Amino acid sequence: MSPIDQYIDTFPPEVQVQLRKIRGLIFEIAPDAEETMAYGMPGYRTQGKPLVYFAGYKNHIGLYALPTGHAAFAAELAGYKQGKGSVQFPLNKPMPFDLIERIIRFRYTENQGNKG
């Protein structure tokens, strides 16, 4: 079992489903992504650069789409609690998987265009 699977398995079943869906979206969009635990959470890199990170918490799922993913979707993320480089999607509301997918796709395209 991978460290990411072990991490996800620490959450209640309904949260595990959502975390696995986010993980699935990442690999659907970025099949070449490198997966690792970073900063205590699942992290993904493409082209040697950060793609996204996600983390589960008691009341929300955090998404970290550094450095530009949040700024590019600022209007759509305005209704969510945010921190430096993070956005919190509350567990008591429907998870905006379409928005999460677009953020991941944006970051993936961005990393592909910045191959160096």
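This is a short chat about a predicted model.

Reader: What should I know about the model and its numbering?
Author: It is predicted, so local features need pLDDT of at least 70 and side-chain atom pairs count only at pLDDT 80 or more, while totals for chains, interfaces and linings use all residues. Residues are numbered from 1 along each chain as its sequence is written, and side-chain values use heavy atoms, with hydrogens and water left out.

Reader: How many residues are in the largest nonpolar core?
Author: 35 residues. A nonpolar core here is a set of buried Ala, Val, Leu, Ile, Met, Phe, Trp, Tyr and Cys residues joined through side-chain atoms within 4.5 Å. Buried means under 20% relative accessible area, exposed over 50%, partly exposed in between (1.4 Å probe, protein chains only).

Reader: Which residues have the most contacts inside it?
Author: Ile26 and Ile100.

Reader: Which elements each supply at least two residues of this core?
Author: α1 (3-8), α2 (13-29), β2 (41-46), β3 (49-56), β4 (60-64), β6 (86-90) and α5 (97-113). Helices (H or I, at least four residues) and strands (E, at least two) are DSSP runs, numbered from the N terminus.

Reader: Back to Ile26. What does it touch?
Author: Pro31, Ala33, Tyr44, Leu51, Val52, Phe54 and Ile104, not counting residues up to four places away in sequence. Contact means heavy atoms within 4.5 Å.

Reader: How do α2 and α5 cross?
Author: Their axes come within 10 Å and cross at roughly 35 degrees. Axes are lines fitted to C-alpha atoms, for helices over the stretch in contact, and angles run from 0 to 180 degrees between N-to-C directions.

Reader: Which residues meet there?
Author: From α2, Gln18, Lys21, Ile22, Leu25, Ile26, Glu28 and Ile29. From α5, Phe97, Ile100, Glu101, Ile104, Arg105 and Tyr108. By class, the contact has 8 nonpolar, 1 polar and 4 charged residues. Ala, Val, Leu, Ile, Met, Phe, Trp, Tyr, Cys and Pro count as nonpolar, Asp, Glu, Lys and Arg as charged, and the others, Gly among them, as polar.

Reader: New topic. Is Ser86 buried or exposed?
Author: Buried, at 10% relative accessibility. Ser86 sits in strand β6 and touches Leu63, Tyr64 and His70, again leaving out residues up to four places away in sequence.

Reader: And Tyr39, where is that?
Author: In the loop between β1 (34-38) and β2. Tyr39 is exposed, with a relative accessible area of 72%. Its phi is near 55 degrees, a positive value in a residue other than glycine.

Reader: What about the phi of Gln47?
Author: Positive, about 55 degrees, although Gln47 is not a glycine. Gln47 lies in the loop between β2 and β3. It is partly exposed, at 33% relative accessible area.
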